[in-house]
Each structure stands twice: as C-alpha cells, then as structure tokens.
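Please walk me through this structure, one feature at a time. I am new to it.

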Amino acid sequence: MQVAIVGAGMAGLSCASRLVRSGHKVSLFDKGRGPGGRMSTRRMQTPLGEAHFDHGAQYFTVRDPAFMAQVARWSASGVAAPWPAAGTGAWVGVPTMNAVVKEMADQHDVSFGWHVRGLVKRDGRWFLTGDTAREERAEAGPFDAVVVSLPPEQAAAIVALHDLSLAATALAARSQPCWTGMFAFAGRVPSASDTVRDCGIIGWAARNAAKPGRKGPETWVVQASPHWSAKHIDDSAEDVARRLLHSLGEALDILMPEPVVSAAHRWRYAMSTGSNLGALWSEHSKIGVCGDWLLGPRVENAWISGRHLAAKMMASVPQEVA
C-alpha cells in the first residue's frame, strides 16, 4: 500500500515504522515546522544565548514490553535517559524532549509545514488537500489509505465527510487544554526544588536544566491545570504568563527574579481521557485513526496506538499482496 499519515507525532511515526518494515510506502505530513508534536521543544533567542523549553509532554513512562524495548534502543543511541526527579520510571528525550521523535522522523519521508485541510477521493484513491509554508494551496497523492494521527477534534474535522462512524467516535472524545508558561532567567532560580506538581493553578512545573543533557540559560516550564486552562482559554498569552510566573513563586515560596524571556503557549488539545479502542480502521473507506486518546494520555499509549493501527491495516491486505 501507499499510505499517507496526517500528523508526524509519536503515534503517526510509530504507525509508519511498522508499515514500512512490512514493505509499505508511507508519506507523513505535519503542519509543524519540525518533529515533536505534543513532545515539542521550543527554542528562543535570549541575551544569554538560545534557550530551550520542553513545553509539551514533560516526560514519559514505560510499561509495555515492546515500548520498553524501544526505549532501550533510544537509550543506547543516546536520545533518551531516565529522569528520577519526575518519579520512578520517568524518561526524557536528550538533549531535548523531541529528540526521540526526531530520530523516528529522520527514518521516514516527512513533509513538515504541510497543513492538511481535507481529503479528496478520485478513482478509488485518496488525495490530501491543504497548504504549505511556501504555497497557498497544495495537493498530495494518490494514496491507497490514509491515517489520521491527530487529537480527536482535529481528526473528526478531516474524516467527517468520508467516514461518519470514525468521525462520531472522535467527536465523542474530548481533549483538555493546557496553558504553558516558558521563562528564562539570568541565573539559577534560588530553590532546592526542581519540580512542582498540583499546587494552586499549577498542574506541573519543572526546571529544564534538571533534566539530563540540558544546556543553555536557566529555564522553567510551568503548565497550568486543565481546569484553570479551560477557564482561561481565551486569556491573552501575556496575562497567562504573568499569572503562571507569580504562581511559580508562590509554589516555590520565593520572590521570583525577573525573567529575561517570558512567553506562554496555549495547547487547545493537550490531554484526553482515553478509551479502550486502541486504534480505528475502516476497511470500507481505507481510513485509519490513531493517537493516545484511543488508549490514554501517555506518550507510551500514542506509540502503542500507532502500532495497533498498522497491524489492523496489514491484516486487511490480501495475503498475496502483502
């Protein structure tokens, strides 16, 4: 099969890897400027040099034996390491959170800056429509099958015109938002704590330099709780950054120094409640859907969902073709 995958995050790349190993041709399309998805790392120029912020997923854990083997390979190649400060069994990408996603993406045909807006079917085959950073409109295809590896709200919008059953399942899922503050400082923030969890409006905060392999200025990432983020979803980024910085000072019980860089990012689709569906595949429409929202809000579940979808797709290919 020739397969298009919309979304080159953990789930989409996991699906691609398994399909390619079985001899299928896969092309991935992602609207981001580079690899990461919700494991992205933001880079900002400061008077002190380039600052890095792991402003998406903060770490990942390992339970599944197959994912454990994958993490062992990442560890051996130096792109992942344990982070005990986040708890027993916590891992991070090295030197940035998106390092593991980048290593996966480097093995595939990925078009970044390609925003897929919809699907078109011609003569039984699929074409992607959308726009790129260089062109107002773009089209890619033809493909035998399409995988949508996006949060449920975005997945539903793409598949709704072509597969109502898949769209209905996606619409039934709901993602929680997350406001994330990013702060760089001229020196070390004077606190013995490297992390904050569930304190006031803060769901999670971390000193980025406390993670293995980090370089650059002192930086902190502060993520608001889902409830607070939803309540303040339409606030300005400047106001949110001020609130989160003040809350960090309260949580650490210190007077926060003035940051040299302050910013906030709104993740509208940060986390879902999950289900037990694993992955969705329609033999009739040749559309598949994968993502952590089909299992649970963990990096590991995104990886597993992608593999599950690839297995479903390969099982539908006639044996003489496979």
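**Reading a helix and a sheet**

Asp 163 caps helix α5 at its N-terminal end, with a side-chain oxygen 3.3 Å from the backbone nitrogen of Ser 165. This is a predicted model, where local features need pLDDT of at least 70, side-chain atom pairs count only at pLDDT 80 or more, and totals for chains, interfaces and linings use all residues. Residues are numbered from 1 along each chain as its sequence is written, and side-chain values use heavy atoms, leaving out hydrogens and water.

Q: Which residues of helix α5 are buried?
A: An α-helix has 3.6 residues a turn, so residues three or four places apart point the same way. Helix α5 spans residues 164-172, and its buried residues are Leu 166, Ala 167 and Ala 170. They cover an arc of only 95° around the axis, so they sit on the same side of α5. The arc is that of the directions from the helix axis to the C-beta atoms. Buried means under 20% relative accessible area, exposed over 50%, and partly exposed in between (1.4 Å probe, protein chains only). Helices (H or I, at least four residues) and strands (E, at least two) are DSSP runs, numbered from the N terminus.

Q: Which exposed residues does the face of α5 turned away from its buried side carry?
A: Leu 164, Ser 165 and Ala 172 are the exposed residues there.

Q: What covers the buried residues of α5?
A: The cover includes α4 (152-159), β17 (280-282) and β18 (287-289).

Q: What is the order of the strands in the open sheet?
A: Strands of a sheet pair through backbone hydrogen bonds, either parallel or antiparallel. Here three strands have the order β8-β9-β10, with antiparallel pairing. β8 (114-122) and β10 stand at the edges with a single partner strand each, so one side of each lacks a neighbour in the sheet. Two strands pair if DSSP finds at least two bridges between them.

Q: How many bridges join β9 to β10?
A: Four bridges join β9 (residues 125-132) to β10 (residues 138-143). A hairpin of five residues links these strands. Leu 128 stands opposite Ala 140 in β10. Gly 130 has Ala 138 as its bridge partner in β10.

Q: Where is Asp 131 placed?
A: Asp 131 is in strand β9. Its side chain makes a polar contact of 2.9 Å with that of Arg 117. A polar contact is a pair of N or O atoms within 3.5 Å; within protein, one must be able to donate a hydrogen and the other to accept it, and residues adjacent in sequence count only if both atoms are side-chain atoms.

Terms used. Contact means heavy atoms within 4.5 Å.
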